[in-house]
Amino acid sequence: MVDEIRLSYSSMKDAGACLKRYWYRVKKPKSAIPNEHMIFGSIVHTSIERLEKKDREIGKLIGWSLHEWERRMASSGRGFLAKLPRPPKSFKRMYENYAELIRPRLQTPAEEDGVEKFFKIKLDYPTLGDNIYFVGKIDRIDNENIYDWKTNGRLPDTYDLHDTQFYAYWWAYRQLFKRNPKEILYGHLNSGSVYNISMDTTLLENFEVLLDNRAETLYNAWKHNEFPRDMGYQCKGCVYRTACYGDLVQEHIEESASEACR
Ligand code: SF4
């Protein structure tokens, strides 16, 4: 019996890198130890949502962000450090650039549900059952445009601007609204610049193939309850590394003990 399978762009990436990583994301999400850039990005995204939905002042958001930074860093396994690291980039610059350079482009009022648009789209795979969904969140939909906020320090290169994530949003938008967005835009908060993503239908089709492949792989993984570790270079950037390696040692101990009893 396979429970409901919810594929997101991030979980698809995890499953492509290592099925065990995907398993940790679903079954033990609290074992993740996010890096500093992930924590920073998550706080900035929440702040922009607050700025739009609750009309908060930037000064208050910066204060909240610094407090949240310390709280999350301390609770992510770094609390033993005498002095927590400073944020890797400036919260102030991100919020001011958003408010002064990016926000004036937007036309739809935030109340119209275009901020942090969550979606859950049922996928039609007759041979895999009827409980597979594609889920996610689009940072902003405005005037039929898709915006994604990025907190990278450097400006995006061509690889960043062709990330499959944008084609996932495009695909989701078409499912939700039965039409194409006008544009897909990369909002670089550190500079206040906005970049157009090429709406290349070849890459949209490429995403559909990836989605089909991952859905089938994950359906079979759940069906047989098989999520093997794919160890290697990808472990270096894996947020579940501590849990995974700890569990591996434990599994080894249990295996050795059971062999000794035979
Ligand atoms: S540490 Fe390596 S093997 Fe373990 S879940 Fe992460 S990527 Fe997979």
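1. Which helices each supply at least two residues of the shell around the ligand? They are helix 2 (19–27) and helix 8, where helices (H or I, at least four residues) and strands (E, at least two) are DSSP runs, numbered from the N terminus.

2. Please keep in mind that this is a predicted model, in which local features need pLDDT of at least 70 and side-chain atom pairs count only at pLDDT 80 or more, while totals for chains, interfaces and linings use all residues. Residues are numbered from 1 along each chain, following its sequence as written.

3. The ligand is surrounded by 13 residues, and the closest are Cys18, Arg229, Cys235, Cys238 and Cys244; a residue is near a molecule if its C-beta atom, placed from the backbone, lies within 6 Å of it. Helix 2 gives the most to this shell, with 3 residues.

4. By residue class, the shell around the ligand divides into 7 nonpolar, 1 polar and 5 charged residues. Here Ala, Val, Leu, Ile, Met, Phe, Trp, Tyr, Cys and Pro count as nonpolar, Asp, Glu, Lys and Arg as charged, and the others, Gly among them, as polar.

5. Asn143, in the loop between strand 3 (132–142) and strand 4 (145–150), has a positive phi of about 50 degrees although it is not a glycine. Asn143 counts as exposed because it has 12 C-beta neighbours inside 10 Å, and the cut-offs are 12 or fewer for exposed, 20 or more for buried, and partly exposed in between, with C-beta atoms placed from the backbone.

6. Asn225, another residue other than glycine, has a positive phi near 50 degrees, and its place is in the loop between helix 7 (201–224) and helix 8 (241–261). Asn225 counts as exposed because it has 8 C-beta neighbours inside 10 Å.
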